[in-house]
Amino acid sequence: MTTLWILGGIAIAIVAVAVMSLAVMYLWNWLAPTVFKLPTIKFKHALGLLILSKLLFGGFGGWHGGHHGFHHGMKHEQCKEWKMNHDKKDSIIK
């Protein structure tokens with residue numbers, strides 16, 4: 001059963017990368033030739049751009065393990081303090 005889950009996860013990852021690469025390709029071919037007078041690209045170039053952007057900028061979100069969202073990077077105490085209302089903060093500070 002776990003092998004099936006692993007293969008399913010790999011298949012989903014491949015489809016996700018393919019869809020993102022197609023999105024990059026279509027956006028590039030729609031905008032770059034018109035705006036910057038650049039040539040159109042093929043799927044393999046879009047995949048390369050996607051990998052390059054991942055390497056340069058990090059990204060695609062998620063999978064950092066643990067806490068995600070607005071408070072990402074805050075310590076647990078900071079997050080709890082952030083969520084407190086102003087009255088509780090004033091009583092703690094005084």
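These are my notebook entries on a predicted model of one protein chain.

**Entry 1: the overall layout.** I started with the secondary structure and found 4 helices and 0 strands. Reading from the N terminus, I wrote the order down as α-α-α-α.

Entry 2: Next I looked up burial: of the 94 residues in the chain, 9% count as buried. The chain exposes about 8300 Å², and carbon and sulfur atoms supply 71% of that area. I also checked contacts with a separation of 6 or more, and residues 24 or more positions apart account for 22% of them.

**Entry 3: helix 1 against helix 2.** How do these two helices cross? The axes of helix 1 (residues 2-36) and helix 2 come within 8 Å, at an angle of roughly 105 degrees. Angles of 65 to 115 degrees count as roughly perpendicular, so that is what I call this pair.

Then I listed who touches whom. On the helix 1 side, the contact residues are Val 17, Ala 18, Met 20, Ser 21, Leu 22, Val 24, Met 25 and Trp 28. Helix 2 brings Phe 43, Ala 46, Leu 47, Leu 49 and Leu 50. Sorted by type, the contact has 12 nonpolar residues, 1 polar and no charged.

Note on methods. Residues are numbered from 1 along each chain as its sequence is written. This is a predicted model: local features need pLDDT of at least 70, side-chain atom pairs count only at pLDDT 80 or more; totals for chains, interfaces and linings use all residues. Side-chain values use heavy atoms; hydrogens and water are left out. Buried means under 20% relative accessible area, exposed over 50%, partly exposed in between (1.4 Å probe, protein chains only). Contact means heavy atoms within 4.5 Å. Accessible areas come from the Shrake-Rupley method with a 1.4 Å probe; for residues, only the protein chains shown count as cover. Axes are lines fitted to C-alpha atoms, for helices over the stretch in contact, and angles run from 0 to 180 degrees between N-to-C directions. Angles under 35 degrees count as roughly parallel, over 145 as roughly antiparallel, 65 to 115 as roughly perpendicular and the rest as oblique. Ala, Val, Leu, Ile, Met, Phe, Trp, Tyr, Cys and Pro count as nonpolar, Asp, Glu, Lys and Arg as charged, and the others, Gly among them, as polar.
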